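Q: Please take a close look at one part of the structure shown here, and describe how that part is set among its surroundings.
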Amino acid sequence: MWDLFLARPWSDVRAGLNRAGVPYEVTYTRSSRAFFSTDASQLYVVRIRYEMGTCAVTLAEAPAGSSSVAACEAEDSFA
């Protein structure tokens with residue numbers, strides 16, 4: 001069940017955990033390489049474990065969107 005929360009925005013996962021009344025602890029990680037830019041305002045879940053009644057959630061910054069990706073997404077929204 002916890003795998004359903006992987007690679008999802010933290011805001012969505014946090015809301016789900018709060019609704020279910022599940023306590024959680026959050027840790028943060030980041031890549032040791034800075035080749036790709038990230039968006040610090042957008043966190044997502046990279047690991048989640050349930051141990052002894054608490055969820056251990058690990059978060060990372062989301063990859064930053066590029067202008068070319070944004071243009072493609074805009075085109076797809078009109079299809």
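Which residue in strand 3 does Leu43 stand opposite?

A: Leu43 stands opposite Glu61 of strand 3. The model is predicted, so local features require pLDDT of at least 70 and side-chain atom pairs pLDDT 80 or more, whereas totals for chains, interfaces and linings use all residues. Residues are numbered from 1 along each chain as its sequence is written, and side-chain values use heavy atoms, without hydrogens or water.

Strand 3 covers residues 54-63 and pairs with strand 2 in the antiparallel sense, over 10 bridges. Helices (H or I, at least four residues) and strands (E, at least two) are DSSP runs numbered from the N terminus, and two strands pair if DSSP finds at least two bridges between them. Arg49 stands opposite Ala56 in strand 3. Strand 2 and strand 3 form a hairpin with two residues between them, and Met52 in the turn has a positive phi of about 50°. On the parallel side, five bridges join strand 3 to strand 1, and the bridge partner of Tyr24 in strand 3 is Cys55.

These pairings belong to an open sheet of three strands in the order 1-3-2, with mixed pairing. Strand 1 and strand 2 are the edge strands, each pairing on one side only. From one strand to the next, the twist averages 30°. Strand 3 is mostly covered, with seven of its 10 residues buried (buried is under 20% relative accessible area, exposed over 50%, partly exposed in between, with a 1.4 Å probe and protein chains only). Helix 1 lies across strand 1, strand 2 and strand 3, and runs at about 165° to strand 1. Such angles run from 0 to 180 degrees between N-to-C directions, with axes fitted to C-alpha atoms, for helices over the stretch in contact.

Asp39 is placed in strand 2. At 28% relative accessibility, Asp39 counts as partly exposed. Leaving aside neighbours within four places in sequence, Asp39 is in contact (heavy atoms within 4.5 Å) with Glu61, Ala62, Pro63 and Ala64. The C-alpha atoms of Asp39 and Ala64 are 4.9 Å apart in space, although the two are 25 residues apart in sequence. The side chains of Asp39 and Ser41 are joined by a polar contact of 2.6 Å; that term denotes N or O atoms within 3.5 Å, within protein one able to donate a hydrogen and the other to accept it, with residues adjacent in sequence counted only through side-chain atoms on both sides.

Three aromatic pairs are found in the whole structure. In the pair of Trp2 and Tyr50, the ring centres are 5.0 Å apart and the planes lie at 15°, so this pair is stacked. Trp2 lies in the segment before helix 1 (10-20) and Tyr50 in strand 2 (residues 38-51), so the pair ties together parts that are 48 residues apart in sequence. Trp10 and Tyr24 form an edge-to-face pair, at 5.4 Å centre to centre and 85° between the planes. Because Trp10 lies in helix 1 and Tyr24 in strand 1 (residues 24-28), this pair ties together parts that are 14 residues apart in sequence. Rings of Phe, Tyr and Trp (its six-membered ring) pair if their centres lie within 6.5 Å, with planes under 30 degrees apart stacked, over 60 edge-to-face and the rest tilted. Trp10 counts as buried at 7% relative accessibility, whereas Tyr24, at 26%, counts as partly exposed. Trp2, Phe5 and Tyr50 form one aromatic cluster, and Tyr50 counts as partly exposed at 43% relative accessibility.
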